Number of protein chains: 2
Amino acid sequence: MAEVEDVRREMRRALTMISGKWKLEILWLLYQRTYRFGELRREIPQVTPHMLTKQLRELEGDGLVTRKVYAEVPPRVEYTLTDEARTLKPAFESLLAWATSWDSVRG
Amino acid sequence: MAEVEDVRREMRRALTMISGKWKLEILWLLYQRTYRFGELRREIPQVTPHMLTKQLRELEGDGLVTRKVYAEVPPRVEYTLTDEARTLKPAFESLLAWATSWDSVRG
DNA sequence: CGGGATCCTATGCGATACTG
DNA sequence: CAGTATCGCATAGGATCCCG
């Protein structure tokens, strides 16, 4: 039986997992298909390699993204969502629905 | 018709609105009833007056919370959720459901 | 191609003290 | 009771250069 404090802690953790500056964009793209590092860079032009790496490593550490390295020349690295990340989608869309509807009320 | 970039921007804004360190706790409490400043302090013992004020002002600025001042001695200030904040609840719970279910998978 | 290393800035957060 | 003012630290984020 979940205590109220546990609930708040879980919520905080969930938000932290998706609250990095570029994580939303990354997740959004990966919902559609697997991406390579360079492809993500092109889709999100403002992000530096440094930051993109950092965000991807955090997502990976949180179990939302899988990193697959191919032993090729030139090197190839692919990023894919985990099943856990895919089960997030309804919440994602629920939050989005709220964000946009609320916006339309305000103008 | 919403552009992809607008969508991402709205999502980012929505997350920012609820991503302060104590905002989750505050919203959580205000879903149940109206609270006074001092009551919130007692419910969230770790928060300083400074931070509580800051978070409440941000929530107010984002249209999630209403601040009502009573011209009494001693002063009384009550915080209540707006309708916009109440329509957030489904997304809130959807995210919570994901957070807890995902946690149970991992152990 | 897909990063890592280094250095720097901006912001969030907190401790402490004071006030109408 | 319900805040405000000031200071300082920690972390997030970013610019630039370098590398297997």
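Which side chain makes a polar contact with the side chain of B:E78? The partner is B:R76, and the contact spans 3.0 Å. Keep in mind as you read that this is a predicted model.

**Around B:E78**

You can find B:E78 in strand β3 of chain B. Is this residue buried or exposed? Its relative accessibility is 18%, and a residue is called buried when the value is under 20%, so B:E78 counts as buried. Leaving aside residues up to four places away in sequence, B:E78 touches B:T34, B:Y35, B:R36, B:T66, B:R67, B:K68 and B:Y70.

**A buried helix in chain B**

Now look at helix α2 of chain B, residues 23-30. Here 8 of the 8 residues are buried, so the helix is largely enclosed by the rest of the structure. Among them are B:W28, B:I26 and B:L27, along with B:K23 and B:E25.

**The sheet in chain A**

Turn next to chain A, where 3 strands form an open sheet with antiparallel pairing, in the order β1-β3-β2. The edge strands are β1 (35-36) and β2 (65-70), each of which pairs on one side only. Strand β3, residues 76-81, is joined to β1 by 2 bridges. In one of the pairings, A:Y35 has A:Y79 in β3(A) as its bridge partner.

Two helices of chain A lie across this sheet. Helix α2 (residues 23-30) lies across β1, β2 and β3, running at about 90° to β3(A). Helix α4 (residues 49-61) lies across β2 and β3, and its direction is at about 115° to β2(A).

| Residue | Distance to a phosphate oxygen of DNA strand D |
|---|---|
| A:Q55 | 3.4 Å |
| B:R36 | 2.9 Å |
| B:Y79 | 2.7 Å |

Both chains take part in the surface near DNA strand D: α4 of chain A, together with α3 (37-43), α4 (49-61) and β3 (76-81) of chain B, each supply at least two residues. By type, the residues of this surface divide into 9 nonpolar, 6 polar and 6 charged.

Methods. Residues are numbered from 1 along each chain as its sequence is written. Chains are lettered from A and ligands numbered from 1 in the order in which they are written. This is a predicted model: local features need pLDDT of at least 70, side-chain atom pairs count only at pLDDT 80 or more; totals for chains, interfaces and linings use all residues. Side-chain values use heavy atoms; hydrogens and water are left out. Two strands pair if DSSP finds at least two bridges between them. Helices (H or I, at least four residues) and strands (E, at least two) are DSSP runs, numbered from the N terminus. Contact means heavy atoms within 4.5 Å. Axes are lines fitted to C-alpha atoms, for helices over the stretch in contact, and angles run from 0 to 180 degrees between N-to-C directions. A polar contact is a pair of N or O atoms within 3.5 Å; within protein, one must be able to donate a hydrogen and the other to accept it, and residues adjacent in sequence count only if both atoms are side-chain atoms. Ala, Val, Leu, Ile, Met, Phe, Trp, Tyr, Cys and Pro count as nonpolar, Asp, Glu, Lys and Arg as charged, and the others, Gly among them, as polar. Buried means under 20% relative accessible area, exposed over 50%, partly exposed in between (1.4 Å probe, protein chains only).
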